[in-house]
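Me: I've got this model open and I'd like to talk through how it's put together. Can you walk me through it?

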Amino acid sequence: MPFKVAPRGDVAPFMVMDVLAAARRRERAGGGVIHLEIGQPSDGAPARVRAAAAQALDGDLGYTLALGAEPLRARIADHYRHAYGVGIDPGRVVVTTGSSAGFVLAFLAAFSAGDRVAVALPGYPAYRNILKALDIDCVPVPVGAPSRYQMDVRALESVAGRLDGVVLASPSNPAGSMLTEREVAELAAWCERAGVRLIADEIYHGIAYGAAATTVAGCGHAVVVNSFSKYYGMTGWRLGWMVVPPDLAEAVERLQQNLFIAPPTLAQMAAVAAFDCPDELDGRVRRYRANRDVLLNELPSAGFRVLAPPEGAFFLYADIGDGPEDSPALCRRMLDEIGVAVTPGLDFDPARGHRTVRFSYAGPADDIVEAARRIRAWRK
């Protein structure tokens, strides 16, 4: 008699990880790969973070409080005062095991099974898949060029039926577009009036090429999810944070205690130093901008049309043109024939992504230049 398998695991695969696995197989077989598929800074943790981790190895690495180590929570609160001019009580800061755990905690604390949460399409696939696994209804909101691939109040008002939540990402993944301060304020105010919980993905804050991103940390009942993975380059350290409103604080703490006990202690001890590295980290952002400009200049001549202005993060979202292949087939052939790994748009938009791809330009400058050269020669 077969054993039961719960339907919660019946979610779509995270396609970018499948592309990464294929790229690793090629590398193990002796083939070179330029990685434009994964949203991972190539530099890793800043030097001061690595030094702080080495020093922490000689100390107490037992469990911290469930909400996180108090020195780190205080430093995060201080970051909001300096970076955004927003006063945050450290008691509202929750350190998490990556931003992924932050989304799980936020969705569990804020929504019940059957609640309806709006998510932009295209958008980060884990939003949809976590919501599905938790029996929360994901309400896709198609967005496009007129709104720079961002949700706005008009799009939310056009959704049929009541909404219980909205997931907002600025800068966005996959488009790299950003909302202005006014647009963020309008969306946050609409959510407050409508009694709709706003969950803001701010993990790409710090990586912007014009005006800085706007936080919703001071906006009523909104929840912020952020991470040390992107601007701070600490992907494998699995550390993120939340800023939660008072009405969710107790629920999030109890969920954290029971689901995760506490975030990784070594990563927390080291992450305090991440806020002392602005020169090193801002230098990386300047490189991302130069990488972006290379792709913006070269991809159109290779038949790729960039769909939104890449104002932040380190992604370009592009139409693949009029060829006969869909995006998964094109990406497989690109990897096989020229050793460039790119993510199919179906990861971000199951309805329309068969004609789009996402390029990540978080790698070394030489890799971006070489990838652009190969792609342009390949698609002539």
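Me: At what angle do α4 and α5 pack, and how far apart are their axes?

Reply: Quick caveat first: this is a predicted model, where local features need pLDDT of at least 70, side-chain atom pairs count only at pLDDT 80 or more, and totals for chains, interfaces and linings use all residues. Residues are numbered from 1 along each chain as its sequence is written, and side-chain values use heavy atoms, with hydrogens and water left out. As for your pair, α4 and α5 pack at about 45°, with their axes 10 Å apart. Axes here are lines fitted to C-alpha atoms, for helices over the stretch in contact, and angles run from 0 to 180 degrees between N-to-C directions. Helices (H or I, at least four residues) and strands (E, at least two) are DSSP runs, numbered from the N terminus.

Me: What do you call the orientation of α4 and α5 to each other?

Reply: With that angle, α4 and α5 are oblique to each other. Under 35 degrees counts as roughly parallel, over 145 as roughly antiparallel, 65 to 115 as roughly perpendicular, and the rest as oblique. The crossing of α4 past α5 is right-handed; a crossing is right-handed if the near helix is turned clockwise from the far one by less than a right angle, and left-handed if anticlockwise.

Me: Which residues make that contact?

Reply: From α4 you have Ser 100, Phe 103, Val 104 and Phe 107, and from α5 Tyr 127, Ile 130 and Leu 131. Contact means heavy atoms within 4.5 Å. By class, α4 with α5 has six nonpolar, one polar and no charged residues. For those classes, Ala, Val, Leu, Ile, Met, Phe, Trp, Tyr, Cys and Pro count as nonpolar, Asp, Glu, Lys and Arg as charged, and the others, Gly among them, as polar.

Me: And how do α4 and α8 pack?

Reply: Helix α4 (98-110) and helix α8 (246-259) pack at about 125°, axes 9 Å apart. That makes α4 and α8 oblique to each other, and their crossing is right-handed. The α4 side of the contact is Leu 105, Leu 108, Ala 109 and Ala 110; the α8 side is Leu 248, Ala 251, Val 252, Leu 255, Gln 256 and Leu 259. By class, α4 with α8 comes to nine nonpolar, one polar and no charged residues.

Me: Switching to strands. What is the order of the seven-strand sheet?

Reply: The sheet is open and runs β2-β8-β7-β6-β5-β3-β4, with mixed pairing. Two strands pair if DSSP finds at least two bridges between them. The edges are β2 (93-96) and β4 (137-142), each pairing on one side only. On average, neighbouring strands of this sheet are turned by 25° against each other, direction ignored.

Me: In which sense do β7 and β8 pair?

Reply: Antiparallel: β7 (223-227) and β8 (240-243) pair over four bridges. Val 224 stands opposite Val 243 in β8.

Me: Which strands does α8 touch?

Reply: α8 packs on the sheet and touches β2, β6 (197-201), β7 and β8, with its direction at about 25° to that of β2. Helix α3 (70-84) lies across β2, β7 and β8, and runs at about 120° to β2.

Me: What is phi for Asp 135?

Reply: Near 60°, a positive value in a residue other than glycine. Asp 135 is in the loop between α5 and β4 and is partly exposed, with a relative accessible area of 43%. Buried means under 20% relative accessible area, exposed over 50%, and partly exposed in between (1.4 Å probe, protein chains only). Arg 238 has a positive phi of about 50° although it is not a glycine. Arg 238 lies in the loop between β7 and β8, and is partly exposed at 32%.

Me: Last one: what does Ser 42 touch?

Reply: Not counting residues up to four places away in sequence, Ser 42 touches Arg 287, Ala 362, Gly 363 and Pro 364. Ser 42 is in the loop between β1 (34-35) and α2 (47-56).
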